[in-house]
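These are my notebook entries on a single protein chain. I record in order what I looked up.

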Amino acid sequence: TTDRLTATVPSPFDADGDTVSLSYSWFKNGELTGETGNSISEELTVKNDIWRVEVIPNDGIESGPMAEATIVISNHPPVIDSVIISPNNPSISDVLICEANVYDPDENPTLTYAWKNINTGIALGVGNIISLFNVADYGDLIECRAVATDANGATHEKNATVIVENAAPILGPIAIDPSVAYTNDTLRALA
């Protein structure tokens, strides 16, 4: 579906030395299309279409025997251009999102995602979102593998990885004790 169809005809021979012209008739799934050039734009083709071209030579006086060729439009397998994990510098308290960019001129393929902690070898789950809480430690390499599958079963897979970064410490709410203070009081911060 991404290729232009072109009828390639060897130089026709005319015993009288006359100039030979060629006429083209294109058929899509058995129906005459009205296309009369030597090629068909890829925009007119669809996966599994059967295209046939009939070519008739003519020397200006009479036509020669017709020649024909047939082709079935093949499936274009999906191609994953990129896989991106965000955030790209996560800590163990983050939720990761994996997004794959896929190209398939025939259809919208199905995308599936699987997560793995490379350091431990443990599968972390499926789907494009996962929480790192209790499944990763500082320094772990986390992988998202995206797989695109089309209706014909053709697949393409690609992965991305991120390293779990150190998590900064977090303070909870703090208070000052005593809550009412005078000039000679000792104050304490309570966390």
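Entry 1: terms and ground rules. I take two strands as paired if DSSP finds at least two bridges between them. Strands (E, at least two residues) and helices (H or I, at least four) are DSSP runs, numbered from the N terminus. I note that the model is predicted, that local features need pLDDT of at least 70, that side-chain atom pairs count only at pLDDT 80 or more, and that totals for chains, interfaces and linings use all residues. Residues are numbered from 1 along each chain as its sequence is written, and side-chain values use heavy atoms, with hydrogens and water left out.

Entry 2: the open sheet. I looked up the strand order and found β3-β2-β5-β6, an open sheet of four strands with antiparallel pairing. Its edge strands are β3 (31-32) and β6 (67-72), each of which pairs on one side only. I recall that strands of a sheet pair through backbone hydrogen bonds, either parallel or antiparallel. Between β2 and β3 I found two bridges in the antiparallel sense. Phe27 has Leu32 in β3 as its bridge partner, and Lys28 stands opposite Glu31 in β3. On β5, Phe27 stands opposite Arg52; β2 and β5 run antiparallel and are joined by eight bridges.

Entry 3: The hairpin of β2 and β3 has two residues between the strands, and Asn29 in the turn has a positive phi of about 50°. With a relative accessible area of 43%, Asn29 is partly exposed (buried means under 20% relative accessible area, exposed over 50%, partly exposed in between, with a 1.4 Å probe and protein chains only). I then found another positive phi, near 75°, at Asn48. Asn48 is in the loop between β4 (39-40) and β5 and is partly exposed at 49%.

Entry 4: Trp26 lies in strand β2 (residues 21-28) and Trp51 in strand β5 (residues 50-58), so the pair ties together parts that are 25 residues apart in sequence. Trp26 counts as buried at 4% relative accessibility, and Trp51 counts as buried at 3%. I also found the charged end of Arg52 over the ring of Phe27, 4.2 Å from its centre (the rule asks for NZ of Lys or CZ of Arg within 6 Å of the ring centre and within 35 degrees of the ring normal).

Entry 5: the disulfide. A disulfide is a covalent bond between the sulfur atoms of two cysteines. By the cut-off of sulfur atoms within 2.5 Å, I count one disulfide. Cys98 and Cys144 form it, with their sulfur atoms 2.1 Å apart. The link is left-handed, with -95° about the S-S bond. Cys98 lies in strand β8 (residues 95-103) and Cys144 in strand β12, so the pair ties together parts that are 46 residues apart in sequence. Both Cys98 and Cys144 are buried.

Entry 6: the cores. I looked for nonpolar cores (sets of buried Ala, Val, Leu, Ile, Met, Phe, Trp, Tyr and Cys residues joined through side-chain atoms within 4.5 Å). The largest has 19 residues, and those that touch the most other members include Cys98, Trp115, Ile142 and Cys144. β7 (79-86), β8, β9 (110-117), β12 and β13 are the elements that give two or more residues to this core. β12 gives the most, with four residues. A second, separate core of nine residues includes Leu5, Ala7, Tyr24 and Ile73.

Entry 7: β12 and β13. Strands β12 (residues 141-149) and β13 (residues 155-163) run antiparallel and are joined by nine bridges. Ile142 stands opposite Val162 in β13. The hairpin has five residues between the strands, and Gly153 there takes a positive phi near 90°.

Entry 8: a cis bond. Ser86 and Pro87 are joined by a cis peptide bond, with omega about -5°. Pro87 is in the loop between β7 and β8.
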